[in-house]
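Visitor: I would like to learn how to read a protein model. Please take me through one, feature by feature.

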Amino acid sequence: MDDHYTRLLKRLHQEYVPYHVIWELTHHCNLDCVMCYNAPVTRPELALAEGCSVLDQLAVAGALRLTLTGGEVLTSPHFFPLATYARQTGFALNIKTNATLLTPDTADRLAALEPLQVDVSLLAATSGTADRITQRRHSLERALRGISLLVERDVPVKLNSLLMEINLAESESLVSLARSLGLPHEQFVKISPDDQGTPKAAQHQLGREAMTRLNAMNLSSCGQGSSPTERTCQVGMGSCLISPDGIVYPCIELRIPLGDLRQQTFAEIWQNSPHLQQLRLSHTRPHLHTCATCELIEYCEGRCAGLAFKESGDWLAPDTLACHQAQARFAHLHSDRTIPTTPHLAKLNLASDAVASPRSLHVHPIDLTF
Ligand code: SF4
Ligand code: SF4
């Protein structure tokens with residue numbers, strides 16, 4: 001029997017209510033992380049008045065939860081005015097930040113917003129590794145100071161660690177560090193390929209063997225797991241992403257432009273976008289042509305339409321990371337057995353124990369045609 005929240009979510013999905021909107025306020029950032037996927041935005045970012053109008057439209061469309069992210073939100077002059085307006089409009093607020101720019105004053109202002117959660121990236125447990133990732137000096141010390149400022153003000157903070165070769169040796173120290181801070185902590189391995197279509201970000205993606213060592217069973221993804229649900233994820237059903245210049249996308253990974261908030265209202269885009277209609281109708285398990293024949297399907301928990309689209313231009317295709325994660329789960333559970341390949345890896349001509357080179361994958365850059 002589903003609990004009340006699960007039943008509510010199901011109803012919102014059935015009625016296609018855009019209850020959660022993620023908004024990249026800016027692509028500017030004070031750090032320069034090696035795995036950053038943000039493409040420079042060539043059009044001007046939404047002005048404050050445009051942003052407030054978007055918030056009004058989201059409220060009318062039924063959005064309940066707003067996640068403000070970047071780039072780094074604290075580099076945007078509109079962050080506090082928009083976040084304040086969002087709270088006055090009644091949105092529950094999530095904020096994603098690297099925390100390095102927080103001061104006592106900005107921490108006070110952020111606490112006054114009473115966010116549901118502030119997600120902070122914790123990329124390393126040692127100063128040297130953090131600075132190699134962020135390409136800025138003292139980034140770990142600055143992040144830890146920012147985190148303390150939030151914790152002192154009772155702001156609910158969650159720490160997120162993206163694991164790559166560069167910080168893999170610190171995965172356990174990251175867990176200890178989070179524990180010593182008394183904060184919830186999650187580790188991820190999924191790297192978003194660069195939105196410009198270059199291998200800059202994807203080259204840091206961990207391969208299958210490293211994921212097996214990490215025990216891929218416990219790593220997070222936003223897929224729906226291997227339970228027999230109709231969809232591998234809920235993309236297109238109840239949430240979407242807005243870019244700094246007002247383009248609406250299905251989610252952070254699936255960068256198919258749905259419409260432009262400078263030319264259409266949010267409701268027009270959400271209700272009429274042919275891409276969204278297609279996702280709602282056919283992003284279901286029976287339409288996943290290649291996955292249907294996969295021997296590892298019951299070990300696969302993270303198939304991502306966005307990664308598949310970036311790899312092959314087909315959002316119903318498998319994605320290489322999900323295949324490697326499925327193999328890593330298999331290897332973890334059956335260390336005495338040969339790891340099967342998947343139809344996707346076989347097609348890519350990768351042996352089951354090989355690490356895919358993201359450089360060999362075709363990555364679709366963002367195309368702004370609706
Ligand atoms: S397409 Fe990928 S990133 Fe988007 S909701 Fe689905 S699994 Fe998550
Ligand atoms: S082909 Fe890959 S993405 Fe598809 S079910 Fe198999 S492991 Fe998962």
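Visitor: What does the radius of gyration say about the 370 residues here?

Guide: The radius of gyration is taken over C-alpha atoms, and the globule rule is 2.2 Å times the number of residues to the power 0.38. For 370 residues, a compact globule would come near 21 Å; this protein has 20 Å, which agrees. Its C-alpha atoms fill a box of roughly 55 × 50 × 45 Å along the principal axes. Keep in mind that this is a predicted model: local features need pLDDT of at least 70, side-chain atom pairs count only at pLDDT 80 or more, and totals for chains, interfaces and linings use all residues. Residues are numbered from 1 along each chain as its sequence is written, while chains are lettered from A and ligands numbered from 1 in the order in which they are written.

Visitor: How many helices and strands are there in the protein?

Guide: First, the rule: helices (H or I, at least four residues) and strands (E, at least two) are DSSP runs, numbered from the N terminus. This protein has 13 helices and nine strands.

Visitor: In what order do the nine strands form the sheet?

Guide: Two strands pair if DSSP finds at least two bridges between them. Here the nine strands form an open sheet, in the order S6-S5-S4-S3-S2-S1-S7-S8-S9, with mixed pairing. Strand S6 (185-188) and strand S9 (259-260) are the edges, each pairing on one side only.

Visitor: Show me some pairs.

Guide: Take S4 (residues 117-121) and S5 (residues 157-162): they run parallel, joined by four bridges. Ser121 has Asn160 in S5 as its bridge partner. S1 (residues 20-24) and S7 are also parallel, with four bridges. There, His20 is partnered by Ser239 in S7. S7 and S8 (residues 247-249) run antiparallel, with two bridges. In that pair, Ile242 stands opposite Val248. S7 and S8 make a hairpin with four residues between them, and Gly246 in the turn has a positive phi of about 90°.

Visitor: Which way do the residues of strand S7 point?

Guide: You need the burial rule too. A residue is buried if 20 or more other C-beta atoms lie within 10 Å of its own, exposed if 12 or fewer, and partly exposed in between; C-beta atoms are placed from the backbone. In S7 (residues 239-242), Ser239 and Leu241 point one way, Cys240 and Ile242 the other, and all are buried. Of the 370 residues of the protein, 45% count as buried.

Visitor: Is Asn349 buried or exposed?

Guide: Count its neighbours. Asn349 has 8 C-beta neighbours inside 10 Å, so it counts as exposed. Asn349 sits in the segment after H13. Leu31 has 22 such neighbours inside 10 Å, so Leu31 counts as buried. You will find Leu31 in the loop between S1 and helix H2 (48-61).

Visitor: What is Leu31 in contact with?

Guide: Two residues are in contact if their C-beta atoms, placed from the backbone, lie within 7 Å. Leaving aside neighbours within four places in sequence, the contacts of Leu31 include Glu72, Thr100 and Arg136. Across the protein, residues 24 or more positions apart account for 72% of the contacts with a separation of 6 or more.

Visitor: Why is helix H11 called largely enclosed?

Guide: Eight of the eight residues of H11 (residues 305-312) are buried, so the rest of the structure largely encloses it. Among them are Ala305, Phe309 and Lys310. The buried residues of H11 pack against H12. Gly313 follows H11, with a positive phi near 80°.

Visitor: Which residues have the most contacts inside the largest nonpolar core?

Guide: A nonpolar core is a set of buried Ala, Val, Leu, Ile, Met, Phe, Trp, Tyr and Cys residues joined through C-beta atoms within 7 Å. The largest has 91 residues; those with the most contacts inside it are Leu68, Val120, Leu150, Val248, Tyr249, Leu254 and Ala305. H12 gives the most to this core, with seven residues.

Visitor: Which residues come nearest to ligand 2?

Guide: A residue is near a molecule if its C-beta atom, placed from the backbone, lies within 6 Å of it. Of the 15 residues around ligand 2, Cys291, Cys294, Cys300, Pro318 and Cys323 come nearest. Helix H12 (320-333) gives the most to this shell, with three residues.
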